[in-house]
Amino acid sequence: MTAQAATGQAAAGELAGRVALVAGATRGAGRAMAVELGRAAALVYVTGRTTRERVSEVGRPTETIEQTAELVTAAGGKGIAVPTDHLEPAQVKALIERIDREQGRLDVLVNSVWGGDRLIEFDTRLWDLDLDNALRMFRLGIDTHVITSHFALPLLIRRPGGLVVEVTDGTAAFNRRYRGSLCFDLTKNAPHRIAFGLAAELTEHGGTAVSLTPGFLRSEEMLDHFGVTEETWREAVAQEPHFAIAESPALIGRGVRALAADPERARWTGQSLSSGQLAKEYGFTDTDGSRPDCFGYFEDVVFGGKQATAADYR
C-alpha cells in the first residue's frame, strides 16, 4: 500500500501525466473537483456552457469555465476550458476527439453536469408539476451523463485503471427516502444506477465507476441564497439550522483527488459514496479542518430524533 492509500493525502504531483475531464465544471462541486485534480498536477479539461462570451440558462455570468481552467492551472495542474453543451452529441464527440488528438488518453471522467436547481418544485404532486421543467431535469441530469460517457469511455478504456465518477445529490441509502419531487428524485437516483452499470461494463477493462455526492454543499448559489459568503457562512445557520453541517465544495474535490490517486480504488467500484465517507476513509478534511458527516447527521438527528448537534458530526 502506498503512503497515499494509507493516509488519503495525495502528494503534490501525484497525478502528473494523468488526463481528466470534468464535465460540468463551471461552478460548485464541478469546479472544486477540477481544481483539486489540478492540485495533484493532473491536466484537466473543464467543460460547461457559461463562458466569458455566453451565459447558460442557469444565469450566473460571473462563474465561467475559463475561470475554472485558470484556477486549475494556479493550483499546479493545467486547465483547458472547452465550451460544451453535453446535451449536444456532436459537441461532446468533438470534445473527446480533441482530447484524443491532444493527449491520446483519458484517465478520469467526472460527470458533474446538472444546472437544474431552478427547475425543482418541492412538495408538488406529479400532476401539478410544470411538465416541461420536469422533463428538462431529466435531460440535464441524466441524458448529459449518458451522452458524455458514450463518447468518452472508448478513450478511457484504452488504458487499464480508468476512473468514472457520477456526481449526484444524496447517497443511494439516503435517497431511499422520497426527495420531495418525483422528477428530481428520479434524476438524482439515476447516477447511482449509471455507476452500478458502468462498473460491470468496465470490469474487463480494469476500470472503476462510482457515484459520489457532496453533503449540504456551500456552493456559490447556496451562499447567495442565504446572503452570505464562504467566510461568513455560519451566519446563515440562524435562517437554516441544518446549514451548520454544510461543507465547502473543496471536500468533494478532495474526495475525487484521493480516489484518482489511489491505486486500490477498484475496491469502490459500483458503490455509492459521499464526500464525508471518503474524508473519513482517506483522512482528509474540509478547508476549516473539520470532517462533516452530513448524512450521518441527517439520519441520526434530523430523521432519527437523536439528541445531538451538527458540531457532533463535524
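Reply: Gladly! Let's begin with pairing: two strands pair if DSSP finds at least two bridges between them. Helices (H or I, at least four residues) and strands (E, at least two) are DSSP runs, numbered from the N terminus. Here, strand E1 (residues 19–23) and E4 pair in the parallel sense over four bridges. Within that pair, Leu 109 in E4 is the bridge partner of Leu 21.

Me: What should I know about the model before going on?

Reply: This is a predicted model, where local features need pLDDT of at least 70 and side-chain atom pairs count only at pLDDT 80 or more, while totals for chains, interfaces and linings use all residues. Residues are numbered from 1 along each chain as its sequence is written, and side-chain values use heavy atoms, with hydrogens and water left out.

Me: In what order do the strands of the sheet stand?

Reply: The general idea comes from the backbone: strands of a sheet pair through backbone hydrogen bonds, either parallel or antiparallel. In this model, seven strands make an open sheet, ordered E3-E2-E1-E4-E5-E6-E7, with parallel pairing. Strand E3 (78–83) and E7 are at the edges with a single partner strand each, so one side of each has no neighbour in the sheet. On average, neighbouring strands of this sheet are turned by 20° against each other, direction ignored; the axes behind such angles are lines fitted to C-alpha atoms, for helices over the stretch in contact, and angles run from 0 to 180 degrees between N-to-C directions.

Me: How many bridges join E1 to E2?

Reply: Five, and these two strands run parallel.

Me: Are the residues of E6 buried or exposed?

Reply: Use the cut-offs: buried means under 20% relative accessible area, exposed over 50%, partly exposed in between (1.4 Å probe, protein chains only). Six of the six residues of strand E6 (residues 208–213) are buried, so this strand is largely enclosed by the rest of the structure. Thr 208, Val 210 and Leu 212 lie on one side, and Ala 209, Ser 211 and Thr 213 on the other. E6 is joined to E5 by five bridges, and the two run parallel. Helix H6 (residues 182–202) carries the chain from E5 to E6, and this β-α-β crossover is right-handed. E6 also pairs in the parallel sense with strand E7 (residues 272–274), over three bridges, and Ser 211 stands opposite Ser 272 in E7.

Me: How do I read two helices that cross, such as H2 and H8?

Reply: Look at distance and angle. The axes of H2 and helix H8 (residues 249–261) come within 7 Å and cross at roughly 45°. That makes H2 oblique to H8, given that angles under 35 degrees count as roughly parallel, over 145 as roughly antiparallel, 65 to 115 as roughly perpendicular and the rest as oblique. Among the residues that meet are Ala 29, Met 33 and Leu 37 in H2, and Ile 252, Val 256 and Ala 260 in H8; contact means heavy atoms within 4.5 Å.

Me: Where is Trp 268 found?

Reply: In the loop between H8 and E7. Trp 268 is buried, with a relative accessible area of 8%. Leaving aside neighbours within four places in sequence, its contacts include Ala 209, Val 210, Leu 259 and Tyr 282.

Me: Which value of phi does Ala 41 have?

Reply: A positive one, about 80°, although Ala 41 is not a glycine. This residue lies in the loop between helix H2 (28–39) and strand E2 (43–48) and is partly exposed, at 22% relative accessible area. Asp 123, also not a glycine, has a positive phi near 55°. Asp 123 sits in the loop between strand E4 (108–111) and helix H5 (131–156) and is exposed, with a relative accessible area of 74%.

Conventions: A crossover is right-handed if, with the strands pointing away from the viewer, the path from the first strand over the helix to the second runs clockwise.
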